[in-house]
Each structure stands twice: as structure tokens, then as C-alpha cells.
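Have a look at the structure below before reading on.

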Amino acid sequence: MKFFLPIMLSAIISFCPADTHAREVINLNREWLFNSGDGNWRAVNLPHDFQIEQPWVAPEASEKADNSDAASNVKSRLSPRGFKEMGKGTYRKTLTPDASLKGKRVLLDFGGIMLVGDVYLNGKRIGGTDYGYLGFEIDVTKLLKYGEPNELVVIADTGEPLNSRWYTGGGLYRDVKMTVTDPDLYVNRHGIYVTTPAVSPEKATIKINADLTSKKPLKDFTVRTEIIDPEGNIAATHDNKINVNSKWRNREYELEPFTLDNPKLWDCENPNMYTAKISLLRPDGSIADVVEQPFGIRSIEFSPEFGMKLNGKKVLLKGIANHHTLGALGAAAYPRAIEKRIKLLKEFGFNHIRSSHNPYSEEFLDLCDRNGMLVVDELYDKWLTQFAGGRKEWTAQWQEDVPEFVKRDRNHPSVVVWSLGNELQGYSNLPFNDWGVTAYKLQKMLLNKYDTTRPVTVAMHPRYRSIETDSIPAPLALETDIASYNYRYMYFPGDHQRYPDMIFYQSEANLSNMGPNFFEPDNDKVLGLAYWGMIDYLGESLGWPAKGWTNGVFDISLEPKSDAYFIKSMFTDEPVVHVGVVSPNAQIMDWNGVRMGEETVSDNWNLQRGDTVKLYTYTNADEVELLLNGKKLGRRVNSADPKLRNRIVWDSIPYAPGKVEAIAYKDGKVAARHQLETAGKPVKLVATPDNPGWKADGMDLQHVRIHAVDSKGRRVPLAQDDVTFEVEGDAAIAAVTNGDMTSEELNVQNHRRLFNGSNMVILRSGTTPGEVTLRISSPAYRPVTLRLNTNQ
């Protein structure tokens, strides 16, 4: 295949080797050209999701307007995929490698191409991916023209609508890098494997395996290992002499283990990270390659008696199960946007993320490591070609995916469980016709070749148990190391009685049963749970015009909804009380046999005179007193009943403008307060940036939250004015959002209406440090000017 483009449009990068003989990694994210198929090329920087830019496509009159029957052919064509059309996008870049690189080993490294993709160099296909959630590399050493321009072209394809059950995004949505190494002696891809087989506060054993290539018949070479502690100091070092067998030029070596005294352990509260620096030295002592591998020192144990222990202490997984996308940014994997989510979840007491139902980016796991977030790392949705890229038979694909998945992620201390799939029992066309048992055993056998330090699971469908009877688990649940049940925690006691060795994990839990599904299981013995879709996301709409899932406790712009504080009251020991105003408008539907949806609960105290309202007070205190404009409405005890605990109901409260206040008491003393006030007319806009250390690295983001406030500075929830954004300086608008999933507005533009009195603009930095000016305007308000700075 040949590609032609006028040179005036070419995105060109020239690169020269650094002043070193060791490995060099060059980021290729900037200055690409993109064509959506309309013949117009435009400049883009990666990560890039071309689907998020496309217009919404409303369902036709003959289609269902929601995501029901999503596994069948009777459904809205685009509802699962976020009402975005499928298609292809073409990316191109001109590379000019310095002539001095000839003789080096040169690789192109793609973090992923969504949904599938093909890579061409100088008109020839050189590689690609059939499963875009995993990365891959291509050796272009002999394919590049050194000292001359080379045309690199990538075609990303989102596949057919039925190739996914949710919004995937499309394009080069993760990093693209070029790696330059010595041609003869180097560490292979994901070639360092660090384990800590013995861990205590007093002492830890560190074991390292190194997968290396030595092409020349060297007599020997040296592997120098340095263990660098969390403060950057060298804690230990050792040289391993390697004798090269001519028959084994590509092999894994087990290096001499280390013992560290008084190690700094990794856990959720103290996520201490070490680094293993591996240097390959030639016989003359010169350096051929250097790789630095972060790792954490920690132990994990699993048992039906205690669920999971981290460093010998019981830890209950308090989690979320969401897809990989990042709201208005779509699938583009910005580390800053990922970190913002992780920190928000930690603030509300979460300590766990299940990567439903595909591998997230490497940067996501790096951030989980650094922030103490525990991960159930999931490889697939279904073991079917349809849901694994759609163009290569799954039975021929998993042998490539499993090694890449495990070797990429196995050094992350945040990863505590491997998950190979999700809700498989409802599909009669699984390979081997035994409801997934053989397919699971084969994958696990290959997985264990690369890692044996974590248990392996598959999430069970809530509607399908054994083939013969619903009274016993599905055959696959009896094979997995962890019995992961979506929603059906009520099966735990009976299944444990029949199968006492089973270890249980509620791999999905629903909002409509929040509270009971956390308090009713025996949390001393189970792993914990992951609440489904707690951050609203694109795709899987419960009905047009909603563009996606709206049953989270955080909206798609990351604003906490009232019931986020219900979760916080369950997940934290911090005293919590929060007043929520219940709307009678509930969106309820049956989803895989599970009741989904819930009453709408808000913080809006701008209601109509004469209204009678229902209130919730979410609390983990002993009791709550409710006041309306200073008048006491009662004092109620927090029930110990799991169905009522932490959510006190106040029915038939007569609305009156002013202030409704909840006071929580613990042991008879005031523990927490929360109030809602009636806001006046909006008089101005207030802008709040979130990133004081905004970096001029071309990737860092600044999320600027806009609120319409009244004369007393109170947010006005009824404000819906359109707000326009203008940027001066080396930065650009990456997205705009406001939490309204029913809006017809696109996420990639320079304006957005207020929703619940708020919206947000997300700015992406350039590479030149300096001042960035954001001008915010709306016909109803005086303009706001925000002066920001990006730093080196």
C-alpha cells in the first residue's frame, strides 16, 4: 500500500542519537497529521481519539433507543458505542533518522491502536494490532532509510458496532515511541521480572529474572543490578557474570537475589516504590543497555478465611469497575486525567479499580502504583472474536495477548488479581463448547509461565449458574482461583457451605442496591466489591438522548453527585454527613437480570414553594439531626440494619427557601455538618484551575472548573448559560464538558453550556514554558480572565 502527501503538509521529525551507548527512548507523540477519510489532513498530537470529535448519531425510528439486549442483534446500532459512527482514521508522520543510527537496533513501540490498526513504513505494511487494548513493537532496524525521510502511516479502525458493548474511542489513543538500543546485547521487551517472595517489616527478598538477547558469541558479559530505594539512594548492588551459550542467545536469566533489611513496604497508605536498574556490560566494561524497572515490596495472601491480606493485614477491596475512557477526552490516555480520577476515588475512600473489561494503559498502572490503588487487571470481555477486535479468530489470538498482558503488568505492585474475562456463561458459542472451562485452563497455563504470584479469576454473569441448576455455581466459577460474581453476593453463603475453599469477590455491584451489597456480605472473609459504573461514561446508554451511562455517583465531568457521599460514608472512617434531595424522576431498567438505576438525588435546594420533598442524610455517625431554617425537624438514629444503614430517610419535608442542615453525632458529640442553601440569581462566573504544577511537556492537562454563583458566592444550580473559552499562549483546548449526558453539544469545541451551574474546560499544555491566558465569556456575565503558567 502506498501513501502520497504533499511535503508542505508533512509532520516531520528528525532524531539523532543521544551522547550515550545505552538505550534511548524517543517520544513520537507530537506533530502527526490526521485524515478522517474526507481528504483533509490536519495536525494533531497524541494521544488522540478521533471518534470523540465526531457528531452524535441519533437512533433511527426503527431502532431501540437504549442498550437493552446488547448481546443480541436486536438493539440500537450505536447505543453501545456512544452514538458515534464507526470508521477509520489515518495518521502520518515523516521520520528522518540520523545516519549515525545505522547499525543500531531501532524499534517502534505503540501503546495501543483503537480498535484495531495497521502500520506502514514507506508504503509497506510492517505490523499492526488485532486487539487494540494491548501494545506492540515493530523492529524497523532494516526497514528505515537512515539520513532520509521515511513516511510512517497508521490506519486505525473502530470496527463494526457489534465489536464492542461500549464506547471504545478510535485512533492512536496511547503513546507512540521509538526505542534505540545496541544491536547485539539488549534487554528484551518487558524483559525484567521482579518478585518479592519473602516480605516482612524487618527483611525482604528480591528476586529478579532478566530476559536478554546476546547475538554475538561473547565469552561472557555482566548484568549489573542496582536497587534504588524510594528516596533515590542505592540500597544494594550486585554484578552477575553471564556465560553465553551459542545455542541460547535469547533467554531468561535468573539473577542472584537480594536481601534488604528494614524495607519500605508498598501498601495503599504508603505506596513506596523501588527501582531495579539493570545495566548490561560488555566484556570490556562498556555499557550496552540500561533498563530501569519500578517495583514495590509487598506480600499478598488469599484465603476463604480472610479474603485478602496485604503485608499480613486484612484489606477489603472497596472499588469501582469502569471502562477505560476518560469522559470528555474520550479514550485518549492522558496521565494527568487518569491521576485526577484516581485521586478523586481515593478522596472518597476507594482503594480498588477493576479494569473492566480490557487492559488500561501502562500509565494507569504506574499511577495506581504511586497512589496506592489496588487493581484487578482484566484482559478480555468475552472469549469471542466479535469482542476481541473482530478481525482475527480469538482462538488464534489469545496466545499472543496473554504474554503481552502479563509481562507488561506483572511488576506493578498495584496489580493483585488477574482477570481473564467477564460474563461468559450466556454465550453458547464459546470455544471448546464447555462454558469456558478449557479456554480458561489454557490461558491460565500460559499466564502462569510468566507470573505465578497472583490468583486468576473470571467475572461470572449474574443470570447464569450451572447448566443443570441455579443452585450451584457455574463450572467455570469452580475452576477459577477467585470466585468473582457480578451482583450476586447473596450466593456467597450457600456456595461457601457447599465449596468451603471458594474465595469470593463481588466483581460488580449496583447502585440501586448500594448499602446492602456492601454491608450484608461477611467482609471479614470476602475480597470486597467493585461498584459498576460509578463514574458516568460514554456508551451503554439507558436511552437516547443520553449518550452513555448515567448511573454513577460522579458525573462524566467528575463532579460528585449526592450519593457519592453514601459511598464515602461506607468506605471511610472519616465522619461524614451529607444532605441529598430526592427527585421522583428515577430511571430504572433491567440489565442482565439486575435492577439498574436509582432515584435522582441532588444538592439542589432551589425548589418550588409548596413542594413536599424526600431527603436522604448519608452518614456513618450514630445519629443525625435535621434543621430547616434553624427549626429542628427531628433527630434520628443510624440503623444497624444493612438495608438501611448509613442512609437515613426523611419523608414529606415541606420545602421552604433558606437553609436545610444536617448535624451528625458520634458518641453524643457533633462529628460532622452539611447544609444546602437556596441560591439567588447568578451574578458572576468563578473559575478554579486544578493543577498548580502545570508542566510544559506537551501532555499535561489543566482542568478549569467554572461555577455560576450568586451575590453571596453560592453556586446557582439552575444556571444554564453558554460559556465560551479563548486561549492565548502555548496551550490548547483539549475538551469541554459539563456533566450533562443528554446534551447535543460536542466535547471538542470552544464553548459549553452550564449544567447544574457548572462546566469545565480542559487545557493541554504545549512545550514552551510561559504564561497561558484563558478568557471566559458569556452574554449573561462579565468576562473572566485567568492567567496560568506552564513550567519546565
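This is a predicted model: local features need pLDDT of at least 70, side-chain atom pairs count only at pLDDT 80 or more; totals for chains, interfaces and linings use all residues.

Residues are numbered from 1 along each chain as its sequence is written, and side-chain values use heavy atoms, without hydrogens and water.

Helices (H or I, at least four residues) and strands (E, at least two) are DSSP runs, numbered from the N terminus. Helix H4 covers residues 437-450. Its buried residues (under 20% relative accessible area, with a 1.4 Å probe and protein chains only; exposed is over 50%, partly exposed in between) include Val-437, Tyr-440 and Leu-447. Strand E12 (185-199) and helix H3 (394-409) are among the elements that cover the buried residues of H4.

The whole structure has 47 salt bridges. A salt bridge is a side-chain nitrogen of Lys or Arg within 4 Å of a carboxyl oxygen of Asp or Glu. Lys-264 and Glu-231 form one at 2.7 Å, N to O. These two residues lie in separate loops, 33 residues apart. Lys-264 is partly exposed at 35%, and Glu-231 is partly exposed at 48%.

Arg-336 and Glu-339 pair at 3.7 Å. Both belong to helix H1 (residues 335-347), where 3 residues apart is about one helical turn. An α-helix has 3.6 residues a turn, so residues three or four places apart point the same way.

Glu-508 and Arg-354 pair at 3.1 Å. Glu-508 is in strand E29 and Arg-354 in strand E24, 154 residues apart. Both are buried.

Notes. The expected span of a helix is 1.5 Å times one less than its number of residues. Contact means heavy atoms within 4.5 Å.
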